[in-house]
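These are my notebook entries on a structure that I looked up. The sequence and the model come first, and the entries follow.

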Amino acid sequence: MTGATLIGMIAMVLSSTSVTVAVPNVMGAFGVGQDKAQWLSTAYFAAMTGAMLLTSWLQNRFGQRTVFLGTMVAFAAGSFLAAGAPDMTTIIIARVIQGFTAGLIQPFTMSIIFTVFQPERRGTAMGLFGLGVVLAPALGPAMGGIIVDELGWRIVFLLPLPLTAVATLAGAAFLPNRKPGPAGKFDWIGLILLCLSLGLLLDGLASGRRYGWSSDRIVLELTLGVLATLGFILRQLTVRAPMLDLRLYTNPQFASAAVVGLIFGFGMFGSIYAIAVFMQQVLGFSATKAGVALIPAGILMTIMFPTAGRLVDRFPAYVLIMIGLVWFCVGFALMSIADASTPYWLFVFFTLVNRFGLSLIIPSLNTGALRSLQPDQVGQGAGMVNFVRTLGGAAGVNLMVVFLEGATANHTQTIVSSQTPDNSASRELLRQTEQLMRDAGVPATDAAAGALQYLGQTVYAQGLTQGFQDTFMLTAFIAAAALIPAYIMGRDARRTR
């Protein structure tokens with residue numbers, strides 16, 4: 001039972017990151033910018049965030065086997081839809097389907113582990129669960145990169161299907177076919193408000209630069225998104241059976257851990273997207289090399305994960321979280337100095353520094369958050385920690401792209417304003433480029449136009465590089481800011497002892 005659900009979960013986690021290396025290819029295929037292409041990841045994580053809250057109700061309503069097999073079939077359908085998509089809108093719909101099923105399967109897997117294992121063996125089982133969560137995102141970009149370069153970007157959406165098929169057969173054979181019990185009431189109004197909040201706010205932020213921040217569309221989307229968010233919060237505070245018990249946030253230690261988890265999700269999933277695109281568009285590497293760059297970091301996290309788990313038993317969780325955040329921050333700061341001349345393996349080293357910090361944060365965060373709760377609150381608390389981490393992933397990709405586009409445009413405009421007849425470096429570049437084209441047999445008028453076009457491409461490349469540098473530095477500052485709630489988490493933990 002555990003093997004069936006773990007394989008299904010790994011397939012879906014693999015899908016969350018393997019697609020990131022295909023972003024430049026999708027942009028070229030459909031002629032879209034970063035504001036549209038980022039929905040390849042944002043739509044996945046946003047749908048995943050909302051679906052996580054449905055798992056328990058669905059299991060009670062339809063039974064474990066039915067839910068699992070239905071999830072596998074829906075995920076496969078979304079994969080085929082994305083692979084054959086004729087336009088960007090269809091791909092986004094397919095990613096929503098994939099993300100929704102992934103949101104169902106992760107809590108489902110955890111519940112299976114707690115059902116079939118005795119308490120003294122759950123630690124080992126949860127170690128396997130954590131290994132899948134950590135290793136699959138690391139392998140996803142590498143496997144996706146090879147497929148993009150060798151078979152084309154559409155095939156990358158089919159990458160998880162062999163694992164999905166194995167999980168489906170194993171689930172049909174081993175999962176119990178018990179009759180569903182009483183499902184109880186589900187807060188459908190709350191779920192609708194949450195979905196509206198995520199969709200409106202994320203789309204409003206992503207499209208703000210395209211349509212103008214003061215345009216009627218963006219103002220309306222952001223306003224309705226804020227109202228839906230407030231409505232969701234009010235609903236959870238007043239409904240009899242809330243999806244999220246927001247009263248847990250009155251516990252300062254748990255609330256601080258949740259803030260760290262939000263920033264952790266922001267940095268981890270947002271950086272996977274940003275690193276894959278940066279290595280292709282700025283460093284000029286292939287999709288395969290961009291994906292392979294994350295493998296050493298994934299191996300490091302796999303080795304460190306059990307070690308960090310043992311350290312949490314010996315040292316306060318907040319200490320390890322703060323140490324991890326420092327390394328996390330330093331890694332992003334190092335990435336912010338990278339440019340087109342940065343050697344491949346040096347940038348890989350930067351990712352290793354960053355992921356070393358993550359390997360300390362993950363086990364410490366879960367342990368520190370749940371230690372502050374009463375036994376009857378642990379189940380709800382674990383779900384809320386996963387929820388905020390996934391929410392941070394959706395927001396991270398979205399906000400990173402919003403900031404990247406703005407920073408790139410500002411830097412490009414600044415460089416363009418310096419392209420005057422007095423700029424000797426640009427004049428020399430134009431002269432040399434034009435001469436090279438003439439030597440190659442290009443007519444004089446075409447050579448002059450070609451030299452100007454090359455200058456324009458050079459200016460944009462420099463603006464894009466500086467935009468990425470600013471984005472990585474911003475993420476470093478956000479990671480550093482998480483030290484404050486991590487310290488508060490430790491202070492309150494000391495007070496309660």
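I located Leu-224 in helix α11 (residues 216-238); helices here are DSSP runs of H or I with at least four residues, numbered from the N terminus. The model is predicted, so I note that local features need pLDDT of at least 70 and side-chain atom pairs pLDDT 80 or more, while totals for chains, interfaces and linings use all residues. Residues are numbered from 1 along each chain as its sequence is written, and side-chain values use heavy atoms, without hydrogens and water.

I found Leu-224 partly exposed, at a relative accessible area of 39% (buried is under 20%, exposed over 50%, partly exposed in between; 1.4 Å probe, protein chains only). Leu-224 belongs to a nonpolar surface patch with Leu-220, Val-226, Leu-227, Leu-230, Ile-233 and Leu-237, and together they have about 610 Å² of accessible area. Patch residues have over 30% relative accessible area and no salt bridge, with nonpolar side chains joined within 5 Å.

I next checked Ser-18, which lies in helix α1 (residues 2-18). Ser-18 is buried, with a relative accessible area of 0%. Leaving aside residues up to four places away in sequence, Ser-18 touches Gly-140, Pro-141, Gly-144, Val-156 and Leu-159 (contact means heavy atoms within 4.5 Å).

In helix α5 (residues 55-62), I recorded Thr-55, Trp-57, Leu-58 and Gln-59 as buried. Gly-63 follows α5 and has a positive phi, near 95°.

Notes: Patches are made of residues with over 30% relative accessible area and no salt bridge: like charges are joined within 9 Å, nonpolar side chains (Val, Leu, Ile, Met, Phe, Trp, Tyr) within 5 Å. Accessible areas come from the Shrake-Rupley method with a 1.4 Å probe; for residues, only the protein chains shown count as cover. A salt bridge is a side-chain nitrogen of Lys or Arg within 4 Å of a carboxyl oxygen of Asp or Glu. Helices (H or I, at least four residues) and strands (E, at least two) are DSSP runs, numbered from the N terminus.
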